[in-house]
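I opened the model today and kept notes as I went. The entries follow in the order I looked things up.

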Amino acid sequence: MARRTISPQHFYQNRILDQYAYQSAKTITLRQLVFFGRNLNEDKLIQSGNYVRKELPVRLAHRIRDFQNLPFIVGTNSFISTVYELYWSAFDRLRSFPEIKTIEDNHMFCETLKGLLREHLVVLPQLARGMMECSNHISQALIDRFMYTMLRSRISRRVLAEQQIALTTNWNKYGHSGFYSDGCIGVVNTKCNARDTVERCATVTRDAYRTYYGVEPPEVVFDGRENVVFTYIPDHIEYVLYELLKNSIRATIETYSPEVVNGVMEDMGSDTKAPEATQDTNETKEVQATSSFAQPSSRPHFAHETTPRSRPLAPSATLASKTPSYPPIRVTVSSSSTDVHFRISDQGGGIPESIYPHIWSFPSLKFKKFTNLDKVSQMAATLRERQEKIIHPMLKLGIGLRMSKVYCEYWGGGLTVFSMDGYGTDAYIKITRLGNKEENIV
């Protein structure tokens, strides 16, 4: 990629940016999204559009200023420069968009948002590659601080844009009717079911390992409280559960049958494109640019300790003949009046002591095993892009756990990982149940 020259006007002489960068972001909560989206009318839809129109340039201005505060040599990196120019272009287009006064104006604004969401699908891989290339010039602490700030802000902007698009779509389809009867108000689902969500993610994950590894993966065993329901954005919790289950299943297979993993990696070679992935650009972009609630094509082999009808199904004869007896992955769910907790436990050998202190750090030249970012041109960080093989299900990018942490902390929750080297790993997810925590975008 040719190196770009960043305009000095952008960095040192732009007074327009200052007007927005000095403003504070007006953060929101899940509860506010739900209350505002419920009983939607034309005036509220226009009001919501104008809030998004005013808020997005402020949040972009803060991040543009963060780019400008990086060492100059980092700003000259081609990947960093590309992302910077994307941010500046989005900032300029959004701040210049006129006040929304009619439903037709709102439709035009939503089309602008859709276009920006598509254009910014390149941001995650470009940003990660750029910071990795610059890691010899800046400290790991600065890389991590910068990346976590950028990713939290990215989520916040996508939530605002996708919510406005979803509300507008629902308004066009249902008008004044109770379109939220299924629990979905825009991109927020007020009836997220913990077991169903775990089950859906287990299906996608185990199907991928079954397909590409040619073995029957470890069972996913559910225990804890049944029928835990909470309000959340499905894309966020699905991505986190998928990444953690994927890591646990892979670690278990690697520990008990490393020859299987080595054989798959050799067969993949340098071609990591999923064989069934669609190459229709418009379809791919539309799928990634809008929030979606992935639907499973089949139920997983899902076990429950006390429910006979939920015992794991028997694997096929072909897979069973070459599949070792793997210990199960156990998912425990609990809840209180304020929070929902997930624990994912495996016996996959744990995380080596040499790696464990760095599990929350982003890829750098020091950790050279993360070399697959160049194989991903776009990334929305959703379950669906793995499920539909937009990104190869077996491709290790080195940012999944970090992105999961950002998702968990965004709405006031958290992600903690404990490892017993030589035995296994426990990952704990905490998410707020009441939806009253403001976005964490600092």
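**Entry: overall make-up.** I counted secondary structure in the chain and got 16 helices and 9 strands. Helices (H or I, at least four residues) and strands (E, at least two) are DSSP runs, numbered from the N terminus. This is a predicted model, in which local features need pLDDT of at least 70, side-chain atom pairs count only at pLDDT 80 or more, and totals for chains, interfaces and linings use all residues. Residues are numbered from 1 along each chain as its sequence is written, and side-chain values use heavy atoms, with hydrogens and water left out.

**Entry: cover and surface.** I looked up burial next. Of the 442 residues of the chain, 59% count as buried. Buried means under 20% relative accessible area, exposed over 50%, and partly exposed in between (1.4 Å probe, protein chains only). The accessible surface of the chain is about 19,400 Å². Carbon and sulfur atoms hold 49% of that surface. The areas come from the Shrake-Rupley method with a 1.4 Å probe; for residues, only the protein chains shown count as cover.

**Entry: contacts along the chain.** I took contacts between residues at least 6 apart in sequence, and 82% of them join residues at least 24 apart. Contact means heavy atoms within 4.5 Å.

**Entry: the core.** Which residues touch the most other members of the largest nonpolar core? I found Phe67, Phe230, Phe342, Met379 and Ile429, in a core of 122 residues. Helix H9 (residues 140–174) gives the most to this core, with 14 residues. A nonpolar core is a set of buried Ala, Val, Leu, Ile, Met, Phe, Trp, Tyr and Cys residues joined through side-chain atoms within 4.5 Å.

Entry: I traced an open sheet of 3 strands, in the order S1-S2-S4, with antiparallel pairing. Strands S1 (184–185) and S4 (229–232) stand at the edges with a single partner strand each, so one side of each has no neighbour in the sheet. S2 (residues 188–193) pairs with S4 over 3 bridges. Two strands pair if DSSP finds at least two bridges between them. Asn189 has Tyr232 in S4 as its bridge partner. Helix H10 (residues 194–213) packs on the sheet and touches S2 and S4. The direction of H10 makes about 90° with that of S2. For such angles, axes are lines fitted to C-alpha atoms, for helices over the stretch in contact, and angles run from 0 to 180 degrees between N-to-C directions.

**Entry: helix H8.** How many residues of H8 (residues 123–133) are buried? I got 9 of its 11. Among them are Val123, Leu127 and Met131. The buried residues of H8 pack against H4, H5 (72–75), H6 (78–95), H9 and H16 (400–410).

**Entry: Gln68.** I found Gln68 in helix H4 (residues 42–68). Is Gln68 buried or exposed? Gln68 counts as buried because its relative accessibility is 11%.

Entry: Most residues other than glycine have a negative phi. Asn39 has a positive phi near 55°. Asn39 lies in the loop between helix H3 (30–37) and H4, and is exposed at 52% relative accessible area. Asn227 also has a positive phi, about 55°. Asn227 sits in the loop between strand S3 (220–224) and S4, and is exposed at 62%.
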